[in-house]
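Open the model in your viewer and keep the sequence panel beside it. We will go stop by stop, selecting as we go.

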Amino acid sequence: MLIQLRKYFHNLLQFLNKDIYIGGLSIFDFQSKEGFGLYKYINSEENAFYLGQWELNQKSGKGFLKMDNNHLYIGNFKNNQMDGEGLYHNRSTNNFYFGI
C-alpha cells in the first residue's frame, strides 16, 4: 500500500500494482476492505472494476463487476466469487444469463 488518505470516513488506497480502492476499511487494521467500496484494476485493458460490498477484504454481498473481457455481472458475491442470484451479460454475444 503506497497511499492512504482518510477524509470524512472515505479512504483511498493505492497498491503496489497501482490498483486503487476507494471505500470502507476495517476498524481493526484500517487496511482491509470492509463495507462498500470501488476497486479499480489499473492494469486492465478494458477498465475492469468492482463496485459493491466487501467483507474481510473480499467481495461479499451485492456488487457490480465489469471484467477485462467487457462482460458484466450484477448480483451476489461470496468469498470473492459470483454466488447466488445475479445477472451476467456476455457482451461478445449480447446474451444475458440470470442465475439463482
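**Start at Leu87**

Select Leu87, which sits in strand E8 (residues 81-90). This is a predicted model. Is Leu87 buried, exposed or partly exposed? Its relative accessibility is 35%, so Leu87 counts as partly exposed, given that partly exposed lies between under 20% (buried) and over 50% (exposed).

**One side of E8**

Next, select strand E7 (residues 72-78). E7 and E8 run antiparallel and are joined by six bridges. Pick Phe77 and look across: its bridge partner in E8 is Met82. Then go to the turn. The hairpin of E7 and E8 has two residues between the strands, and Asn79 takes a positive phi near 50 degrees there.

**The other partner**

Select strand E9 (residues 95-99). Five bridges join E9 to E8, again in an antiparallel arrangement. Which residue in E9 is the bridge partner of Tyr88? Tyr97 is. At this hairpin, four residues lie between E8 and E9. Select Asn94 for its positive phi, near 65 degrees.

**Zoom out**

Show the whole protein chain. It holds nine strands and zero helices. Its C-alpha atoms fill a box of roughly 40 × 30 × 20 Å along the principal axes. Color by burial: of the 100 residues, 32% are buried.

Notes: Residues are numbered from 1 along each chain as its sequence is written. This is a predicted model: local features need pLDDT of at least 70, side-chain atom pairs count only at pLDDT 80 or more; totals for chains, interfaces and linings use all residues. Side-chain values use heavy atoms; hydrogens and water are left out. Buried means under 20% relative accessible area, exposed over 50%, partly exposed in between (1.4 Å probe, protein chains only). Two strands pair if DSSP finds at least two bridges between them.
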